Amino acid sequence: MALENALRKAFPEPETPEYRQAPHNIEVEQALLGAVLVNNEAFYRVSDFLEPKHFFEPIHQQIFEVAASLIRAGKIASPVTIKTFIPAETDIAGLNPTQYLARLAAEATTIINSGDYGRTIYDLATRRDLIQIGQDMVNVAYDAPVELPPQTQIEDAERRLYELAESGQYDGGFMRFSEALKDAVDLAARAYQREGGLSGVASGFTDLDQLMGGLQRSDLIIIAGRPAMGKTALATNIAYAIASDYQGEPKADGSIETVSGGIVGFFSLEMSAEQLATRVMSEQAEIASSRIRRGEISKEEFSKIASVAQHMESVPLYIDDTGGISIAQLVARARRLKRQRGLDVMIVDYLQLLTGAKRAGDNRVQEVTEITTGLNALAKELNVPIIALSQLSRQVEARDDKRPQLADLRESGSIEQDADVVLFVFREEYYLKNKEPKPNSEEWFKWETEMKAAEGRAEIIIGKQRHGPTGTVKLSFESAYTRFGNLANADRLPERRP
């Protein structure tokens with residue numbers, strides 16, 4: 001006996017694990033259903049966010065679904081009308097449907113409390129979904145097939161969590177005009193107080209900002225152009241200008257509020273991060289990137305590069321150079337950056353290199369539509385401007401005037417439809433350089449005059465803008481440094497003395 005007791009102390013029996021039931025509240029579900037049965041107006045207080053699946057008890061799911069169908073059809077949902085849609089032999093805690101529905105109505109809460117009860121039911125359902133996602137993560141991680149890499153599981157878990165976060169809101173719907181008006185006044189006040197008087201993020205190009213009011217939050221901005229027009233150069237110029245101007249102030253809750261510039265996320269699907277950094281370094285140091293890559297630089301120029309690089313290290317510009325990622329992966333990574341580091345502007349270079357979900361029967365047009373719709377929704381969700389670069393079709397080259405038009409957007413009309421702003425990059429110099437006539441001829445002298453007028457010049461054509469005018473902005477362009485810049489405006493020049 002003594003030996004047995006000693007063994008029990010040395011090797012105690014494992015405790016029976018406590019059974020944990022999923023979060024739920026049957027009484028709240030009964031109270032809400034009773035309120036709906038007594039006064040159908042209670043349904044409209046929860047109908048915009050509550051669905052049958054949010055109820056824990058299956059019979060409650062069935063009752064709510066029948067009641068919702070009747071009310072939406074303009075009929076009365078009551079114990080008498082609902083009982084005909086539930087099998088009479090159904091046993092509900094020892095009661096038949098008629099008795100159970102009558103008891104729900106008799107113990108109903110008031111319509112005033114129905115909204116609070118609905119939110120309680122919704123929150124408990126969200127908690128159950130979180131538990132399910134966690135259990136699935138654990139089970140899949142234990143029994144993952146060889147062909148399923150951990151990164152894929154992480155992205156799937158992120159997707160499910162964010163889908164739950166997006167749907168897990170019950171404060172949407174209509175707002176009073178006074179609330180919208182307050183937001184509009186706040187926007188105007190911020191623009192008034194901000195240097196330059198912009199309501200959005202300053203791009204670094206004065207004339208462009210004046211026409212657009214800066215890059216507006218939640219806008220999808222398309223920068224389109226033919227190859228060699230400088231789309232990527234313009235995007236990197238904007239990205240670095242915003243990131244280098246970043247200033248943040250701590251708020252009372254410990255978070256950082258951006259007061260100038262912004263944190264930039266750059267998805268470079270075409271160029272590597274190193275190539276992108278070399279471009280920015282070339283622009284800032286004013287040394288041709290081709291010379292930097294070949295090592296054709298002097299000691300003084302290397303010192304200049306080192307000095308520029310030291311300043312660039314502190315700039316909040318984040319680059320993801322993963323090629324061929326899907327729109328779902330891009331969305332997951334953008335959300336992660338916003339959560340971990342913050343995000344004020346996002347850039348995608350370029351749109352046609354993204355992939356959509358591969359579904360049988362889908363063509364490229366449908367895939368691009370999915371991509372542009374996804375980017376538009378992401379801009380609204382993260383409340384940041386998203387700049388996406390896009391190629392143009394070859395039909396531009398067939399025209400005498402090669403300035404792009406909205407019809408030239410490649411592969412899908414959804415690009416034009418989903419974009420809030422469409423900017424075209426155009427450089428007449430590029431086309432003139434490729435059609436030089438015979439030297440010293442009459443055509444050559446005419447060509448030379450046109451070439452001098454176009455040299456070092458670029459046009460940004462605003463082809464579409466939902467909240468502002470269209471028009472053309474002229475910029476300078478230094479091809480050696482792939483740098484766009486503001487042109488001197490006669491109105492801004494100092495007055496000349498007579």
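Two strands count as paired if DSSP finds at least two bridges between them, and helices (H or I, at least four residues) and strands (E, at least two) are DSSP runs numbered from the N terminus. The model is predicted, so that local features need pLDDT of at least 70 and side-chain atom pairs count only at pLDDT 80 or more, while totals for chains, interfaces and linings use all residues. Residues are numbered from 1 along each chain as its sequence is written, and side-chain values use heavy atoms, with hydrogens and water left out.

In strand S5, Tyr 318 stands opposite Gly 265; S5 and strand S4 pair in the parallel sense over 4 bridges. Both belong to an open sheet of 9 strands with mixed pairing, in the order S5-S4-S6-S7-S1-S8-S9-S10-S11. S5 and S11 stand at the edges, each with a single partner strand, so one side of each is left without a neighbour in the sheet. From one strand to the next the twist averages 25°. Helix H15 packs on this sheet, where it touches S4, S5 and S6 (contact means heavy atoms within 4.5 Å), and its direction makes about 155° with that of S4 (angles run from 0 to 180 degrees between N-to-C directions).

| Element | Residues |
|---|---|
| Strand S4 | 264–268 |
| Strand S5 | 317–320 |
| Strand S6 | 345–349 |
| Strand S11 | 483–486 |

Elsewhere, helix H12 (residues 273–285) packs against helix H14 (residues 299–312) at an angle of about 115°, with their axes 10 Å apart. H12 is therefore roughly perpendicular to H14, a class that covers angles of 65 to 115 degrees. The contact involves Ala 277, Val 280, Met 281, Gln 284 and Ala 285 of H12, together with Lys 304, Ile 305, Val 308 and Met 312 of H14.

Methods
Parallel < 35°, antiparallel > 145°, perpendicular 65-115°, else oblique.
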